Amino acid sequence: MALTDVAVLLVEDDSVFRQLLADFLVQQGAVVFEAADGNEGVSEFQAHTVDIVIADLSMPKLDGLGMLKQIIKINPAVPSIVISGNNVMADVVEALRYGASDYLVKPLADFSIIEQAILQAISPQNTQLEHLDFNDSDAVINSAANMSQDLSYQELTDNFSLLEHNSEAAKSVQQQLFPASNVCYPSAKIHYSLCKNSDVSAYFIDSTMVGDNHLMMYMAHFHPEDNRAAFGCVLLRSFVNQKLKLFRNGLSTTLIEPFNMLSYLNDRMVNSGINLFVDIVYVCIDLSNFRVAIGQAGSGLRCYLRNNNGLAPLAMSESLQLGTVEWNKPSMQFRTLMPEEKICIASNISQHRNKLLNNEFDGLYYDETVPAGGFIELAVN
């Protein structure tokens, strides 16, 4: 049997679904430990040695994401699969960033899907980029958090070509990567608005908590502005996730150091050999003292402080775009946010700045009458 002696921790509040899935896994040879909520899941995780965790994201007392945050501190090496009943991508992406290897969406038409997901999660060789089907946007999202740092040139160019020539696949992949227009963190909120004039946006935004005290966000503009930008989004998200995992395992602080992070991203973009160039502004804030570090590469995006008097651009020298062999170093700025101040990144177009001042946070949207681009804003609570 395919799952012989695989120890599975199954955390699910729906007792009927949990029993059906547990019976199936046992029939496939697995050893199954069950829990009805996140708190029980943590207890079972501490009490038993397991090979993989399967958890519903929506549970009472302690949800799946909260449980993942706790068990990764106990043993980050154990892979996990999350199950979403509401298909909220923001929750799924956050779970992937906390180490989940895969996700599935209820209702499940066939439990064998879970069997295959388990086999893939416990077999690292099966998570390489060469196995991705870029027409399957879910597969791309699942693998974005696990993409190897040692991707070969041929693997990259083969899949790059697929997205370049398949606009529907590129559009689907990119839409899955964008968060909701408003993202709330424990001590801060992030809002954004990005307009696209074609199927794929040449602009991308991302943010995440890094530990308990730091929050990072960035806005990127890809060149050339075509379907390849979708692959650029996958690459940036993957590279960020690699450093996020290292940070959470106590192995690297690069993610909260914009100078080093942009240097790392440039090295990865150059070595990928895909000839994609990126304007980017990367911001990290220490929420314990509101100290902000800002790194910028390229000149197509601007960073602003916003207060009751409007927007004040930060003076930053120009730097070459990421992906440039001759790239030297980013432009840097350090600030301490004053009360009521917000930090913003925006494309260098007056129409976008006006929409920012009018608090028009629409997320990713399509409008041929508005120039492509937009803005992102970080406000601390």
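These questions and answers walk through a predicted model. Residues are numbered from 1 along each chain as its sequence is written, and side-chain values use heavy atoms, with hydrogens and water left out. Local features need pLDDT of at least 70 and side-chain atom pairs count only at pLDDT 80 or more, while totals for chains, interfaces and linings use all residues.

Me: What is the mean pLDDT of the protein, and which residues have a pLDDT below 50?
Reply: pLDDT is the predictor's confidence in each residue, from 0 to 100. Its mean is 85, and 87% of residues reach 70 or more.

Me: What is the strand order in the open sheet of 5 strands?
Reply: Strands (E, at least two residues) and helices (H or I, at least four) are DSSP runs, numbered from the N terminus. Two strands pair if DSSP finds at least two bridges between them. The pairing here is parallel, and the edge strands, β2 and β5 (100-105), each pair on one side only. The order is β2-β1-β3-β4-β5.

Me: Which residue is the bridge partner of Asp 56 in β4?
Reply: Asp 56 belongs to β3 (52-56). β3 and β4 (residues 80-84) pair in the parallel sense over 4 bridges. In β4, the partner of Asp 56 is Ile 83.

Me: Where do the buried residues of α2 fall, seen down its axis?
Reply: Buried means under 20% relative accessible area, exposed over 50%, partly exposed in between (1.4 Å probe, protein chains only). In α2 (residues 38-47), Gly 38, Gly 41, Val 42 and Phe 45 are buried. They line one face of the helix, because their directions from the helix axis to the C-beta atoms fall within an arc of 100°.

Me: What covers the buried residues of α2?
Reply: The cover includes strands and a helix. Helix α3 (64-74) is one of these elements, and α3 also lies across β1, β3, β4 and β5. Among the elements covering α2 are β1 (7-11), β2 (31-35), β3 and α3.

Me: Is Lys 61 buried or exposed?
Reply: Lys 61 lies in the loop between β3 and α3. Its phi is positive, about 70°, although it is not a glycine. Most residues other than glycine have a negative phi. With a relative accessible area of 72%, Lys 61 is exposed.

Notes:
Contact = heavy atoms within 4.5 Å. Axes fitted to C-alpha atoms, helices over the stretch in contact; angles between N-to-C directions.
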